[in-house]
Amino acid sequence: MNKNSSFFVFIFSLMFYIITTGCKENNAVQGMFLEVSSEEISQEFDKAASSVLVPVKTNMNENDWKVEASDSWIAVSKQSIDGEPGINISVSDNDTGNRREGTVKLLSSANDVVITVTQYSGADIVVEGDI
């Protein structure tokens with residue numbers, strides 16, 4: 001083999017190595033999960049300030065996922081529930097006279113989860129069992 005052939009074999013081998021090992025990070029993410037049960041994916045509140053704890057199912061470390069609220073009237077934070085992961089969703093008083101809707105997002109490299117948050121106003125007729 002001459003020097004040019006050896007160089008091209010080296011470059012080809014290096015490129016092959018980079019391409020095949022560059023996907024290992026994605027393979028690690030495939031085994032990770034972040035979930036909220038279907039019963040918890042929609043949260044409804046009356047007009048008063050209130051909060052709810054929502055369990056989160058995950059095999060990720062707490063630092064590997066985050067939460068954020070779409071609107072300033074919704075506050076969300078991570079909170080342990082009996083030693084298991086969870087989030088606390090809080091809403092402020094709704095004195096707007098209108099129903100409000102927003103979202104809470106759980107974000108991770110594995111997947112994202114969106115929880116719909118609805119807060120009724122004093123003008124809405126709400127049957128107590130519906131909330």
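**Note on the predicted model**

1. Aspartate 82 lies in the loop between E6 and E7. Aspartate 82 has a phi near 55 degrees, which is a positive value in a residue that is not glycine. Is aspartate 82 buried or exposed? Its relative accessible area is 79%, so aspartate 82 counts as exposed, the cut-off for that term being over 50%.

2. Strand E6 covers residues 74–78, and alanine 75 is found in it. The relative accessible area of alanine 75 is 42%, so this residue is classed as partly exposed. Which residues does alanine 75 contact, once neighbours within four places in sequence are left aside? They are Asn88, Ile89 and Ser90. For one of these, asparagine 88, the separation from alanine 75 is 13 residues in sequence and 8.0 Å in space, taken C-alpha to C-alpha.

3. As background, nonpolar side chains in soluble globular proteins tend to be buried together.

4. Arginine 100 has its place in strand E8. What is the nearest side chain of opposite charge to arginine 100? It is aspartate 95, 5.5 Å away. Arginine 100 is buried and has no salt bridge; a salt bridge would need a distance within 4 Å.

5. Arginine 100 does have polar partners. Its side chain makes a polar contact with the side chain of glutamine 119, at 2.5 Å. A polar atom of the arginine 100 side chain also lies 3.0 Å from the backbone oxygen of serine 92. Not counting residues up to four places away in sequence, arginine 100 touches Trp73, Ser92, Asp93, Asn94, Val117, Thr118 and Gln119.

6. A last point concerns confidence. The mean pLDDT of the protein is 86, and 79% of its residues reach 70 or more. Over residues 24–28, however, the pLDDT is below 50. Beyond near neighbours in sequence, this stretch has zero contacts in the model. Where pLDDT is low, the predicted coordinates should not be read in detail.

Conventions:
Residues are numbered from 1 along each chain as its sequence is written. This is a predicted model: local features need pLDDT of at least 70, side-chain atom pairs count only at pLDDT 80 or more; totals for chains, interfaces and linings use all residues. Side-chain values use heavy atoms; hydrogens and water are left out. Helices (H or I, at least four residues) and strands (E, at least two) are DSSP runs, numbered from the N terminus. Buried means under 20% relative accessible area, exposed over 50%, partly exposed in between (1.4 Å probe, protein chains only). Contact means heavy atoms within 4.5 Å. pLDDT is the predictor's confidence in each residue, from 0 to 100. Lys and Arg count as positive and Asp and Glu as negative; His and the chain ends are not counted. A polar contact is a pair of N or O atoms within 3.5 Å; within protein, one must be able to donate a hydrogen and the other to accept it, and residues adjacent in sequence count only if both atoms are side-chain atoms.
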